[in-house]
There are 2 protein chains.
Amino acid sequence: MTPQAAYDELIKKCKEISTLGSAASILHWDQETYMPKNGVAHRSEQIGLIARMCHQQFVDPKIGDLISAAEGSDLVKDPESEAAANIREIRYEYDKATKLPNDLVEALAKTTAQATPAWAEARKKSDFAMFVPWLEKVLDLTIKKAEAIGYEGEPYNALLDTYEPGATVAQVESAFAGLRKELVPLVAAIKDSKKKPDESIIMRSYDVEKQKIFGESVAAAMGYDFDAGRLDITTHPFCTGIGPGDTRILTRYNPNRINDALFGTMHEAGHALYEMGLEKEKYFGTPMGESVSLGIHESQSRMWENQVGRSKAFWVYFMPQAQRIFREALGDVSIDDFYGAINYVKPSYIRVEADEATYNLHIMLRFELERAMTKGEIKPKDMAGEWNKRFKDYLGIEVDKDANGCLQDVHWSSGLIGYFPTYALGNLYAAQFFAKAKQDMPNLEEDFKQGNFANLLGWLRKNIHRHGQRYRANVLCEKITGKPLSHEPLMTYMKAKYGEIYGL
Amino acid sequence: MTPQAAYDELIKKCKEISTLGSAASILHWDQETYMPKNGVAHRSEQIGLIARMCHQQFVDPKIGDLISAAEGSDLVKDPESEAAANIREIRYEYDKATKLPNDLVEALAKTTAQATPAWAEARKKSDFAMFVPWLEKVLDLTIKKAEAIGYEGEPYNALLDTYEPGATVAQVESAFAGLRKELVPLVAAIKDSKKKPDESIIMRSYDVEKQKIFGESVAAAMGYDFDAGRLDITTHPFCTGIGPGDTRILTRYNPNRINDALFGTMHEAGHALYEMGLEKEKYFGTPMGESVSLGIHESQSRMWENQVGRSKAFWVYFMPQAQRIFREALGDVSIDDFYGAINYVKPSYIRVEADEATYNLHIMLRFELERAMTKGEIKPKDMAGEWNKRFKDYLGIEVDKDANGCLQDVHWSSGLIGYFPTYALGNLYAAQFFAKAKQDMPNLEEDFKQGNFANLLGWLRKNIHRHGQRYRANVLCEKITGKPLSHEPLMTYMKAKYGEIYGL
């Protein structure tokens, strides 16, 4: 078999596995939207079966043979070529998938399936001790997973790489260290500032039907194509890229807060624009048709949510529309007051409710604690104490109960240790990309004021979306911005924004 | 391998194939409800892949070996046992699936994929000649299919058996002959009658939202469990039994006709009650957890739609509720007038719009013409003329154009020759089962007047639903009613109903 024939066969198999996997995406979407409640048991049978079939087909030694036959051939001569990128990333995924012994995969699935309801119960009772034995079990299996995958330095490198291929503890640590140094005092200064926006503006009465219409209008203005997607209601908002021509977003509405659904919709639409910008007609089912990493994906959602949606220029265009739709709530509100309210900063317990500034502190805390836990420096039983101590240092408030502290996130019970950093990486990448976009397009702010987001979207498509996995995240960052990932663009952006709003 | 071990393995494999296939049911449901329009190409890839995988897994010679190992053992000693029924029906499906050569299956798929849009175009232009070459191709392949499956007597027996296992041309012909003899004069008498209900009542303005609420209320009263299903809007109404705990129905609303959605919802809910009554928790994925045949399935939908929904007793209970909801349209209407209007009989061109009485004439016509076509007695090119001639005989009206004649149905272009009779068999079974149910439960009409449909549903569950495929349709009919299928119960029912309404 020639390398080209092997490569063609490999791509065909990958596309077929992805097509099957994309059926499970619809099953999941349906489960979170329209499925009748008694369908849940059969639904998990269906999703479990498809996941098993996809895994079995992918770890087939024939796939390994095809990769080997394509590797080292002329196909990979140009490392930036489509074939080289596909072969490199399929190899990476194949090795990861085949390195984990079946009994470990099963033990992790079984343990986390039991740990998750145990965590929910512990959180409900706000009793961390109840969760400790489960955290110990999950941690133990997670370390075994890291050992099976292999790593340099410390086990956390293997875990991080699972979610953010190519990222290392050293890189994350360096970016976070710079961020921490400047962000902690910024948040403290905001807290002490006398000048405060009126947060109550966003907590007036906002009719849900009107929120939906406004949110869809904003998503459409961003470039979200409703012929290739739809917006539905769910409990935990998400975006799912099912396949060519079908990328769906989901949100939830709070009739007494305009923020949640509005920025939630922009966030998910940001993810969706990335999925829609991948060249799936051509590359679906191969790395060239997939997003780079969780961090890069999050950079897209956060940029649209924050750098765009929480900018003043955006509201120069959208405020009159919002005032016509929400006449009673916003009729008497100035752009400046609304802009202040949607950028209100207040240290609080819960990560998913955190504002743009304090959010990253929540992530840094988790990164440090997870890492220490995988190195054995913090025992699961001591986690609540450690959490509360550092939380006070970073956010300046005392944790009142475990449910508001180390029991708040589902991640550990689900076995997702190493996942959290991707959220903050997303914020860092977003700021760095956006600073470069502004440099490349000095009229960007003016565009926003006219309701024109096509130039930004075009820039993202050209520089990020259309490349699929041609470049790893760190390479992509250097290619686009000329520099490695840094905390500086994010801090520059935040200092300017909050400096104005809080008169610092 | 012991017969028991082979049987257990066979059942496990069948359940797995069905679980995979049930994912395609959701994909299809999604396609007909919420899928964005650009998702259509990828959706056909997904559905096609799953269909191929299910087929490949099922025609695996290992399945044949397992069936052979279980057959002829003690497992099938009692032919009515669960194992015997499963083995018998899996053998039947396996033989059917393996008898068709791959190139024939592919040729059929390709030809019908092209014939369907060609038919749509021909229907649009009302030009039968355009469709003739496609009908010739489909007919040719359909005959080859019948030859591959094998048959006694004539090819139509093989085709009919595909959709209604165990049914024969002789049986259908005999039932239809009796029906034709009495139905044609009945329809003529109705046409000539001086007494006519006021049909315009059902064509007033009926708010769609209110229709939906009323339809859901009726479905719930019938016993449709909304925790295990849902009602959505679609273009071509259907019911889909996805798996345990998930059976969905779909309808469409006409704001100027209450009939369409109301009886459409009852019809689909009737199908759904059958699906919900199968013991899927235990038997899903095996013949014991599946419906007997299309004809028996249709008997359930038609019974709820006609024998229940178009009965006067039903409206004794529901008319006051309908009058409160549709105050303007129905406030001044008596039960008798409404009952007359929903039972209005008028010979018309289009099968899917036909009333309860003339509907069966449409089917008989198709059965005769299809059968003659497969015997070579009618050539595709002569079909329009033959159609129009017989239509005049049966329904007393001249076909004005092919779009209203032999081009109206999608079936032939889809390769579904042999399918039509199952619709009329459904009507015959419905009447025969319902007559027995009334005999077993003399208070049934009184129940309906109280809005109590639980006794009827219980009877259907006990006699039909819970048996799955334990009995073939004709055996089931004899078991329940003590007689083979006959036209008499349907004619007795129609003569009584229309005799009163039309004063015959």
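Predicted model: local features only at pLDDT ≥ 70, side-chain atom pairs only at ≥ 80, totals over all residues.
Residues are numbered from 1 along each chain as its sequence is written, and chains are lettered from A and ligands numbered from 1 in the order in which they are written. Local features need pLDDT of at least 70 and side-chain atom pairs count only at pLDDT 80 or more, while totals for chains, interfaces and linings use all residues.

**Domains of chain A**

Select 3-99 of chain A for domain 1, then 199-337 + 427-470 for domain 2; such bounds come from an automatic or database domain assignment. The C-alpha centres of the two domains lie 29 Å apart. Their contact takes 17 residues from domain 1 of chain A and 14 residues from domain 2 of chain A, where contact requires C-beta atoms, placed from the backbone, within 7 Å.

On the domain 1 side, colour α1 (3-31) and α4 (82-99) of chain A, the elements that give two or more residues. Helices here are DSSP runs (H or I, at least four residues) and strands likewise (E, at least two), numbered from the N terminus. α1(A) gives the most, with nine residues. The domain 1 side divides into six nonpolar, six polar and five charged residues. In this scheme Ala, Val, Leu, Ile, Met, Phe, Trp, Tyr, Cys and Pro count as nonpolar, Asp, Glu, Lys and Arg as charged, and the others, Gly among them, as polar.

**Between the chains**

Now show both chains. The contact takes 30 residues from chain B and 30 residues from chain A. On the chain B side, α1, α2 (40-59) and β2 (239-243) each supply at least two residues, and the largest share, eight residues, comes from α1(B). That side has 14 nonpolar, nine polar and seven charged residues.

Show Ala23(A), Ile26(A), Leu27(A) and Asp30(A) against Ala23(B), Ile26(B), Leu27(B) and Asp30(B), which make the contact.

**A loop in chain B**

Finally, select Val76(B), in the loop between α3 (61-70) and α4 (82-99) of chain B. Leaving aside neighbours within four places in sequence, Val76(B) contacts Glu71(B), Ala83(B), Ala84(B) and Ile87(B).

How values were computed:
Contact = placed C-beta atoms within 7 Å.
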